[in-house]
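Open the model in a viewer and keep the selection tool at hand. The stops below go from one residue to the whole chain.

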Amino acid sequence: MPHRHRHRHRHHRAVGAAVAATAALLVAGLSGSASAGTAPAGSAPTAAETLRTDAAPPALLKAMQRDLGLDRRQAERRLVNEAEAGATAGRLRAALGGDFAGAWVDGAESGTLTVATTDAGDVAAIEARGAEARVVRHSLAGLDAAKARLDAAAAGLNTADAPVWYVDTRANAVVVEAIRPAAARSLLAAAGVDRSLARVESRTERPRTFYDLRGGEAYYIDNSSRCSIGFPVTKGTQQGFATAGHCGRAGSSTTGANRGAQGTFQGSVFPGRDMAWVATNSSWTATPYVLGAGGQNVQVTGSTAAPVGASVCRSGSTTGWHCGTVTQLNTSVTYQEGTISPVTRTTVCAEPGDSGGSYISGSQAQGVTSGGSGDCRSGGETFFQPINALLQNYGLTLRTTGGGDGGEEPGEPGGTWAAGTVYRPGDTVTYGGAAYRCLQGHQAYAGWEPPNVPALWQRV
């Protein structure tokens, strides 16, 4: 049965107050307005403006049209709707507290945002934001805790026959995908996860890393294997790029697509995580772009994490641009080399050599290609290492356009907020004498101070 707050009346007064305080910030994209991303002069920027959905280049929009079955107008509207939906979901997550059970978007244009709650008393507050409400049994915190127990139990088991497990917010369950159902049952039993929280699904393919020993393009590791550059980054004055950990170990040297000397792996984690970064020599310059179809530059304006159901596109040196949707966020996957967690699961395809390449939603960096199954001829699934965790782990700053490149001390009026810091939903900071709560995970940079970006921060 759904849990109930002991202080129900106080809880719902808080939810109601939160709704009233931000009534002007309804999901503009869900209303069907073609100009949902445009704010009146002098008003706070919309989520679409903050996340620069207008920076999506023709190459990305064309890939979305091809892979998601959209026309250009639909692709543009989808990016606007997803930006607004992410901001609204963040506000509702903060307002619902422990009742929150996840959020996702649906529809060709992501025109429907659904927010799940364990308390039927929250339905009115959710619907007041223009979202659909779903009352479920388990909170997101409860599902995340169960998934964490699976991760811990997997460390002592061979999970090759139960290679994928994740939190499925749509199903309100922790799902284990298994080649042999008995392997899933063993994992659930070892973790002590109640079967009411879990669901077992069958799969036939074993995920693999998209690692290639063939000659080709992009960048090469120790003059042999090939991977794809993820996102250009900086660490102080040092320039470089983020990529997948399974592509190389610390100390491995890299050469560029031109076979010129390029850099050295500074850090690498795999398995466990799948993250690494390469420091490049002075011949290479970190730019705020991802290579698009036909050599076009795709702008990167930030790293705000996309919600479940949102569109996401991948750039890789083998298969180029392909798009799909985010299916699950908190996922664990077992490759032959071991288990990594958490990764994000998508419907985007990839092939060997695409490893390490960029995932981007609109103009927001999402992560670097880890692995998957299938290919770009018959279709498949992929998993990416979220970029914000990678940036935080190595103290890197994403190269972006439209604002500062992070790493700067906050100017007046100051506070604990700092450019270059990676913030997660629920984190609190002070700025200008006021306190703010983070609504969506992102790396901060100059121009994204809390009062300037209500899509990312809520005053408390």
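Does Thr 234 count as buried or exposed, and why? Select Thr 234: it counts as buried because its relative accessibility is 9%, where buried means under 20% relative accessible area, exposed over 50% and partly exposed in between (1.4 Å probe, protein chains only).

This is a predicted model, in which local features need pLDDT of at least 70, side-chain atom pairs count only at pLDDT 80 or more, and totals for chains, interfaces and linings use all residues. Residues are numbered from 1 along each chain as its sequence is written, and side-chain values use heavy atoms, with hydrogens and water left out.

Thr 234 sits in strand E10, residues 232-235; helices (H or I, at least four residues) and strands (E, at least two) are DSSP runs, numbered from the N terminus. Now show its contacts (heavy atoms within 4.5 Å). Leaving aside residues up to four places away in sequence, Thr 234 touches Gln 239, Leu 396, Thr 397 and Arg 399.

Next, select Leu 150. Beyond four places in sequence, its contacts include Trp 165, Val 176 and Leu 187. Leu 150 is among the residues with the most contacts inside the largest nonpolar core, which has 31 residues. Such a core is a set of buried Ala, Val, Leu, Ile, Met, Phe, Trp, Tyr and Cys residues joined through side-chain atoms within 4.5 Å. Colour helix H6 (140-154), one of the elements that give this core two or more residues; H6 supplies the largest share, six residues.

Finally, zoom out. The chain has eight helices and 28 strands, and 56% of its 460 residues are buried.
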